[in-house]
Amino acid sequence: MKKFALGLLLVFLVIQLLPVGRDHTNPAIQAEPEWDSPKTKQLFDRACADCHSHTTNWPWYSNIAPLSWIISDHITEGREHFNVSTWGIQKENEGEEAAEEVEEGEMPIFGYTLTHPEARLSKKEKQLLIKGLEATFGREED
């Protein structure tokens, strides 16, 4: 059992040397949407912006593998699908799906709200965000 624990510790230490997930630079903001209200932007910044903009706040644990890999992947994927920092520039920016994702409880993801309690929205805040996202980005037609 001791050898196994030492082996795990060695693997953990070795993976810290891999640079994967450690590029914590935020690209420049190229363009932003015209928000329907300051409240929508405030709620978006609180619950969504870390993964869907170029204003990511990288927590200290985002430097520790394998968490760094997971967090970096989530942010990369989030920015690819919907990024308010490239609004009108990024071709496939799925803003019209944002309200539905929040409404269905898909966003923000559980792991994010677990580590970012400020992203947990009350029912009233969630409804305000949904309405604001619809007013700002529209809504995907069924």
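These notebook entries record what I looked up in the structure.

**Basis.** I worked with a predicted model, in which local features need pLDDT of at least 70, side-chain atom pairs count only at pLDDT 80 or more, and totals for chains, interfaces and linings use all residues. Residues are numbered from 1 along each chain as its sequence is written, and side-chain values use heavy atoms, with hydrogens and water left out.

**Entry 1: helix α4.** I took helices as DSSP runs of H or I with at least four residues, numbered from the N terminus. Helix α4 covers residues 67-81, 15 residues in total, and spans 21 Å from first to last C-alpha, close to the expected 21 Å. That expected span is 1.5 Å times one less than the number of residues.

**Entry 2: D50.** I found D50 in helix α3. D50 is buried but has no salt bridge, and the nearest side chain of opposite charge, R79, is 7.8 Å away. A salt bridge requires a side-chain nitrogen of Lys or Arg within 4 Å of a carboxyl oxygen of Asp or Glu; Lys and Arg count as positive, Asp and Glu as negative, while His and the chain ends are not counted.

**Entry 3: S85.** I located S85 in the loop between α4 and α5 (98-103). S85 counts as buried because its relative accessibility is 2%.

Note on methods: Helices (H or I, at least four residues) and strands (E, at least two) are DSSP runs, numbered from the N terminus. Buried means under 20% relative accessible area, exposed over 50%, partly exposed in between (1.4 Å probe, protein chains only).
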